[in-house]
Amino acid sequence: MSHLGPEPESGKRVLRREFLTVRSRYTADDVRETGAALAARALELPELAHARTVAAYVSVGSEPGTRALLDALHARGVRVLLPALLADNDLDWGAYAGEGSLVSVQHRGKMALLEPAGERLGPDAVLAADAVLLPGLAVDARGMRLGRGGGSYDRVLARLDRAGADPALVVLLYDSEVVDRVPEEPHDRPVHAVVTPSGVHRFRRPSP
């Protein structure tokens, strides 16, 4: 299939539908197995191995599973921040304290999301992260990420830029979601690494 549409936003919509259709075929077992493989590979990344604070997210539905990685980071003593969706699609953050610290929240017009049950730390809490795990549907050979279109993580990335923060940006994907090219817009910025069950793709060398 072509990875370039007639114009960026239209091309993004088409690609999102295609990737979401493929993901919808994965079973709960597929998601768990993928999550275990992703956790094993991600934990070896220098960006995560040396991180004190990681901003992450709780996977939902047929997204590549993140729960195994969240638990492993928490067990290591890493401070894990998880998002809570705000009414304007921006993200607040709370600390992950294990499986019992999540609550299911139903947002209008969206699927229920698992969010941190404890204290809200504010949208700027992400500025303390040494690494940020970004959800995505695909990443191309330049490191450009195709998100789901809600704009929440565009706001997070813009907030990091304004503050001069430079955490490692990492995306967890299925193997088939690393592609040659996705459409981009001026506000898009490349990520630093992609982790799939079969390996790691780098777009910037880790800091010494």
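Which residue in β10 is the bridge partner of D140? Hi everyone, let's start there: the partner is V179. I'll come back to that strand pair once the ground rules are out of the way.

What you see is a predicted model, where local features need pLDDT of at least 70 and side-chain atom pairs count only at pLDDT 80 or more, while totals for chains, interfaces and linings use all residues. Residues are numbered from 1 along each chain as its sequence is written, and side-chain values use heavy atoms, with hydrogens and water left out.

Let me take the sheets. Helices (H or I, at least four residues) and strands (E, at least two) are DSSP runs, numbered from the N terminus, and two strands pair if DSSP finds at least two bridges between them. As a reminder, strands of a sheet pair through backbone hydrogen bonds, either parallel or antiparallel.

D140 belongs to the part of the model where three strands form an open sheet, ordered β8-β7-β10, with mixed pairing. Its edge strands are β8 (145-146) and β10, each pairing on one side only. Strand β7 (residues 138-140) runs parallel to β10, with two bridges between them.

The other sheet on my list is open too, with seven strands in the order β3-β2-β1-β6-β9-β11-β12 and, again, mixed pairing. Here β3 and β12 (199-202) are the edges, and each pairs on one side only. On average, neighbouring strands of this sheet are turned by 25 degrees against each other, direction ignored; the axes behind that angle are lines fitted to C-alpha atoms, for helices over the stretch in contact, and angles run from 0 to 180 degrees between N-to-C directions.

β2 and β3 are antiparallel and joined by five bridges, and A84 stands opposite D92 in β3. Their hairpin has five residues between the strands, and there N89 takes a positive phi near 75 degrees. For anyone checking backbone torsions, that is a positive value in a residue other than glycine. Although β3 is an edge strand, four of its five residues are buried, where buried means under 20% relative accessible area, exposed over 50%, and partly exposed in between (1.4 Å probe, protein chains only).

Now to β9. Five of its five residues are buried. A168, V170 and L172 point one way from β9, and L169 and V171 the other way. On one side, strand β6 (residues 131-134) runs parallel to β9 with four bridges; V132 has L169 as its bridge partner, and L134 stands opposite V171. Strand β11 (residues 193-196) is also parallel to β9, through three bridges, and there L172 partners V195.

L137 sits between β6 and β7 and is buried, at 0% relative accessible area. Its C-alpha atom is 6.7 Å from that of R148, 11 residues away along the chain.

Y26 is in the loop between α1 and α2 (28-42) and Y174 in the loop between β9 (168-172) and β10 (178-179), so the pair ties together parts 148 residues apart in sequence. Y26 is partly exposed, at 26% relative accessibility, whereas Y174 is buried, at 4%.

On a 1 Å grid over the protein atoms alone, a cavity is a set of points where a 1.4 Å probe fits but cannot get out, and a pocket is an open set with protein on both sides within 12 Å along at least five of seven lines; lining residues have an atom within 4 Å of a point. Grid points are joined across faces, edges and corners, and a volume is the space filled by probe spheres set on the points.

The largest pocket holds about 790 Å³. It has 31 lining residues, with P135, R148, G150, S152 and Y153 nearest its centre. The largest cavity has about 40 Å³, lined by R145, D154, L157, D188 and R189. Thanks, everyone!
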